[in-house]
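Please keep the sequence and the coordinates at hand while reading.

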Amino acid sequence: MRTSWRISSFCVVSLALLGAGCEQAPSSPPTGAGVELEQRTDRAVGDVKLFCEIPQDGSYFELKQTATGYEGVVATQVYDPWDCRCIYLKREVVGQYSFCQFAASDPRIVSCWRREPNGTAGKMGMFSTKVTRQSLVIGGSGQEATQELMDIGVVNQDPGQTPRRDFSYELSDCTAG
């Protein structure tokens with residue numbers, strides 16, 4: 001009886017110790033300079049030129065101007081069953097570009113590419129387009145539903161990379177810097 005009680009308490013304590021650090025401890029909201037520092041810890045330093053977010057889960061795409069050009073980053077929620085079943089935001093650089101052109105009519109419409117040392121356009125590019133989808137409501141009296149989206153295509157033909165990735169965001173969830 002005593003042995004089973006000890007084993008049970010050992011298991012409970014071990015699981016409690018393993019689970020420590022999974023949930024973030026509630027903290028008071030940062031103020032002043034702490035806010036700026038906190039925002040920079042999970043993102044690259046640079047000027048944000050395009051930022052699109054999915055508000056429901058916090059995942060995002062951002063295009064930043066850096067000292068050497070531009071950088072495209074995608075952050076998505078990742079579930080890790082080996083790490084206390086935590087969900088965290090995984091940040092991935094999807095491209096580094098030499099040049100970007102922004103549309104004068106809407107700076108959210110961007111074309112970026114990498115220039116190779118020999119002067120040719122590289123195997124890496126990023127393109128955003130504004131898409132308007134209209135659909136007719138079935139059973140309605142000529143009603144139409146309109147949805148405005150920002151579609152982003154990232155091409156990376158470097159060895160070991162995913163050749164093309166596509167992302168779609170609500171237009172209202174995208175801002176240009």
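Which residue does a disulfide join to Cys52? The partner is Cys174, with an S to S distance of 2.1 Å. This is a predicted model, and the distance is computed from its coordinates. The torsion about the S-S bond of Cys52 and Cys174 is about 120°, so this disulfide is right-handed. Cys52 sits in strand E1 (residues 47-53) and Cys174 in strand E10 (residues 174-176), so far as the chain is concerned distant parts, 122 residues apart. Both Cys52 and Cys174 are buried.The count of disulfides comes to two. The other one joins Cys100 to Cys112, with 1.9 Å from S to S. The angle about the S-S bond of Cys100 and Cys112 is 110°, and this link is right-handed.

Strands E1 and E10 bring us to a sheet. They belong to an open sheet of five strands in the order E4-E3-E2-E1-E10, where the pairing is antiparallel. At the edges stand E4 (86-97) and E10, each with a single partner strand, so one side of each has no neighbour in the sheet. On average, and with direction ignored, neighbouring strands here are turned by 20° against each other. The antiparallel pairing of E1 with E10 runs over three bridges. Across this pair, Leu50 stands opposite Ala176 in E10.

Charged side chains come next. How many salt bridges does a search of the whole structure find? The search finds seven. One of them is formed by Lys130 and Asp106, whose closest N and O atoms are 3.6 Å apart. Lys130 is in strand E7 (residues 121-136), while Asp106 is in the loop between E5 and E6; the two are 24 residues apart, and the pair links distant parts of the chain. Lys130 is partly exposed, with a relative accessible area of 42%, whereas Asp106 counts as buried at 7%.

Arg114 takes part in two of the listed contacts between charged groups, one with Glu116 and one with Asp158. For Glu116 and Arg114 the closest N and O atoms are 3.2 Å apart. Arg114 counts as buried, at 18% relative accessibility, and Glu116 counts as partly exposed, at 24%. In the salt bridge of Asp158 with Arg114, the closest N and O atoms are 3.0 Å apart. Asp158 lies in the loop between strand E8 (144-156) and strand E9 (164-170), and Arg114 lies in strand E6, so the pair ties together parts that are 44 residues apart in sequence. At 22% relative accessibility, Asp158 counts as partly exposed. Elsewhere, salt bridges that share partners join Asp106, Arg108 and Lys130 into one network.

The confidence of the prediction remains to be described. The protein chain has an average pLDDT of 77, and 73% of the residues score at least 70. Over residues 15-44 the pLDDT is below 50, and this stretch has 19 contacts in the model beyond near neighbours in sequence. Where pLDDT is low, predicted coordinates should not be read in detail.

Technical notes
Residues numbered from 1 in each chain as written. Predicted model: local features only at pLDDT ≥ 70, side-chain atom pairs only at ≥ 80, totals over all residues. Heavy atoms only, no water. Disulfide = S-S within 2.5 Å. Helix = DSSP H or I, 4+ residues; strand = E, 2+ residues; numbered from the N terminus. Buried < 20%, exposed > 50% of the residue type's maximum accessible area, 1.4 Å probe, protein only. pLDDT = per-residue confidence, 0-100. Contact = heavy atoms within 4.5 Å. Pairing = 2+ DSSP bridges. Axes fitted to C-alpha atoms, helices over the stretch in contact; angles between N-to-C directions. Salt bridge = Lys/Arg side-chain N within 4 Å of Asp/Glu carboxyl O.
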